[in-house]
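Colleague: Put the model up, please. I'd like to go through a helix and then a loop.

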Amino acid sequence: MEYWMMASLQQQGGAAAAEAVRVRDPAAAEAFFVPFFSSLSFNVHGRNMTDPDTEADRLLQVELMDILGKSEYWQRSAGRDHVIPMHHPNAFRFMRDMVNASVLIVSDFGRYTKELASLRKDVVAPYVHVVDSFLDDNASDPFEADPTLLFFRGRPVRKAEGKIRGKLAKILKDRDGVRFEDSLAIGDGIKISTDGMRSSKFCLHPAGDTPSSCRLFDAIVSHCIPVIISSRIELPFEDEIDYSEFSPFFSVEEALEPDYLLNQLRQMPKEKWVEMWSKLKNVSSHYEFQYPPRKDDAVNMIWRHVRHKIPAVNLAIHMSRRLEVPDWW
């Protein structure tokens with residue numbers, strides 16, 4: 001996420017459709033992008049959480065906070081108008097309490113406390129999809145072109161909220177019309193997942209280690225109607241996009257009730273499925289990451305939603321200048 005956001009700001013002069021343009025004069029900036037690759041730092045230095053290399057991730061965060069703390073622009077707003085990508089659920093885990101007033105770019109709120117993250121100030125961004133986008137999806141009868149009812153390919157053993165995957169495997173595996181397969185998203189597995197999603201009417205999206213996962217966005221760009229299993233999930237761009245128009249939602253309790261999920265999917269009329277599929281195709285461009293960014297693609301959507309937060313950011317800054325108390329609104 002840090003890469004795509006920073007790359008979009010490095011366009012010479014900015015594209016005509018750009019939602020964010022870099023300015024050279026800090027006084028002219030509405031917000032400040034912090035170009036720290038926190039997800040990359042975690043993946044390189046702290047992925048196993050206990051390795052000695054984890055210390056390198058912590059020290060990078062210490063150094064960053066030292067740089068920010070000395071900045072007059074950080075000091076004047078206490079970091080409220082600074083945009084910090086924290087998209088991996090474990091990114092920036094050592095210094096989070098020092099940036100809890102900033103605008104955070106997150107995948108969901110599964111690993112964050114209410115004191116750190118909220119929809120009031122933060123932006124939920126999609127994962128970059130792993131499978132290739134389905135660009136030539138032009139079947140005359142898409143309903144009949146997708147022979148599989150429900151598809152899932154991934155790791156059924158996960159932590160935290162992702163434990164539902166193992167329970168769903170017991171209920172759905174080997175059922176008629178269902179492909180529920182254990183795999184990793186590497187090598188041939190990506191191609192198999194691509195083919196499976198493109199030939200299925202519905203793609204199952206249970207929680208990963210946190211409520212969201214890349215699988216949802218793989219399904220969207222594959223034009224496979226995502227079936228979202230969650231009692232709570234934050235979704236990208238939801239103030240503009242109504243996910244219920246192209247995705248059935250089931251609570252964890254409903255999904256674990258034997259036969260309930262499959263019966264609901266089988267009973268959906270063809271006309272309703274085609275309507276949802278058409279709407280899914282229409283929104284899929286919002287989840288494309290590309291350079292240079294194009295109008296309403298994922299990069300521009302993220303920046304637009306950062307811009308939506310600016311009035312609340314300014315309110316918090318202005319109130320803080322007359323109140324010597326922590327943010328309470």
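Modeller: First, a term: buried means under 20% relative accessible area, exposed over 50%, and partly exposed in between (1.4 Å probe, protein chains only). The model is predicted, so local features need pLDDT of at least 70 and side-chain atom pairs count only at pLDDT 80 or more, while totals for chains, interfaces and linings use all residues. Residues are numbered from 1 along each chain as its sequence is written, and side-chain values use heavy atoms, without hydrogens and water.

Colleague: OK. Which residues of helix 3 are buried?

Modeller: T54, D57, Q61, L64, M65 and L68. Helices here are DSSP runs (H or I, at least four residues) and strands are too (E, at least two), numbered from the N terminus.

Colleague: What covers them?

Modeller: The cover includes helix 2 (38-45), helix 4 (72-77) and strand 2 (82-85). Contact means heavy atoms within 4.5 Å.

Colleague: And how far does helix 3 reach?

Modeller: Helix 3 covers residues 54-69, 16 residues, and spans 23 Å from first C-alpha to last, close to the 22 Å expected. The expected span is 1.5 Å times one less than the number of residues.

Colleague: Now the loop. Where is E240 found?

Modeller: In the loop between strand 8 (225-229) and strand 9 (249-250). E240 counts as partly exposed because its relative accessibility is 40%.

Colleague: What does E240 touch?

Modeller: M301, R304, H305 and H308, leaving out residues up to four places away in sequence.

Colleague: How far is E240 from N90?

Modeller: 28 Å in space, C-alpha to C-alpha, and 150 residues in sequence.
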